[in-house]
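Trainee: I am new to this structure and would like a close look at how its side chains meet. Could you walk me through the ring contacts, please?

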Amino acid sequence: MKIDLTDTTSGKINKALVQGRRAIGTPAVGMVLTLVIVTDEENAYDALRAANEASREHPSRTLVVIKRVSRTPRDRAQTRLDAEVRVGADAGTGETVVLRLYGEVTEHAQSVVLPLLLPDAPVVVWWPVNAPLDPANDPLGALAQRRVTDTYAAEDPIGELTGRAEAYTPGDTDLSWTRITPWRSMLAAALDQVVCEVTAVEVEGEEFNPSVELLAMWLADRLGVPVRRTHSPGPGLTAVRMETDCGPIVLDRADGALANLSIQGQPDRAVALKRRETAELIAEELRRLDPDDTYASALRYGVDRLGNGGPGGSADVSEIAAAAKAVAAAEAEAETETEATSAAAPAAPAAPAGKSSARKTAAKKAAAK
């Protein structure tokens, strides 16, 4: 059932929602949250379709906020709110209100949305495109417990990650992070099968795909080892190669659907690792409304700390592993020499730290080369 309202108010929209529920015979409100989608006219259809599919798992009241562009001074002076109320089969398993804002009211969208929020229910705000750099300080974002953005839709995805890290507030999340959940699960499961120490990692994927950067930052943050980020034609993430003291672990997905997991000393196995639709991603994010500390830690690691390069293979990560081992060996040798000197001449003044530091610096420079 659809109810169109022209030049309306939030109060009239609420009355139309009650009228629609009664007309289809479901007067009770059975939604668990309010999902606010802030988008433009071009992307509204796809976002609403994804939200309707996700509502099968999370029945919700969906408010779609579309700020219409006023092209002349006369249009900007005319404030108007149009609404389309959908209930029943036209709104998935919840309720949908499409709000189109004109004129000055576009600067005060929160005043339109606030009376339409479900009482005593959590609020999630999702920006499919054109997300603010600081979602928590956005007037609409301030209403929500959870704020969902998508850096993949940004003009400069990698630069956007840096801005997100600086402005991060508990409750922020990113669909580019959600896309790598299966990868993180598979890699963690692979490491659980071996008793080895990871020495270096290479993450391979599309050049301007923030999910590749986030996976690389997560691995670097959690494992504390050098991570090299290399480029491939895609689609999306294509491979992760981990060098360990027991041999390489490789998760390779060349076609975007089926991956091959290779662990030293075990037979190769095929694993399903398909690229997921937006509806699956937003449904996953709606399952948890608490802050994602793992995402925050990976985001704050920083893109600039990753080793970047062009297309590369397993030789790249092997070089990083060799460099890391060289640094560790040089440091161990320096410590051994210092201990031996101290034992031989206990009464002598302590040797200056500069010599040991010089050895470490030289070893690190050699590794960097």
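Mentor: Happy to. Let us start with a charge and a ring: Arg 80 lies over the face of Tyr 102, at 4.1 Å from the ring centre. A charge counts as sitting over a ring if NZ of Lys or CZ of Arg is within 6 Å of the ring centre and within 35 degrees of the ring normal. Arg 305 does likewise, with its charged end over the ring of Tyr 301 and 4.0 Å from the centre of that ring.

Before we go on, a word on the source: this is a predicted model, where local features need pLDDT of at least 70 and side-chain atom pairs count only at pLDDT 80 or more, while totals for chains, interfaces and linings use all residues. Residues are numbered from 1 along each chain as its sequence is written, and side-chain values use heavy atoms, with hydrogens and water left out.

Now to rings that meet rings. Rings of Phe, Tyr and Trp (its six-membered ring) pair if their centres lie within 6.5 Å; planes under 30 degrees apart are stacked, over 60 edge-to-face, and the rest tilted. The count by this rule is two aromatic pairs. Helices (H or I, at least four residues) and strands (E, at least two) are DSSP runs, numbered from the N terminus.

Are these two tyrosines buried or exposed? Tyr 168 counts as buried at 10% relative accessibility, and Tyr 295 is buried with a relative accessible area of 1%. Here buried means under 20% relative accessible area, exposed over 50%, and partly exposed in between (1.4 Å probe, protein chains only).

Tyr 295 also pairs with Trp 177: this pair is tilted, 5.5 Å centre to centre, with 55° between the planes. Trp 177 lies in helix α6 (residues 175–178) and Tyr 295 in helix α10, so the pair ties together parts that are 118 residues apart in sequence. Trp 177 and Tyr 295 are both buried. Put together, Tyr 168, Trp 177 and Tyr 295 form one aromatic cluster.
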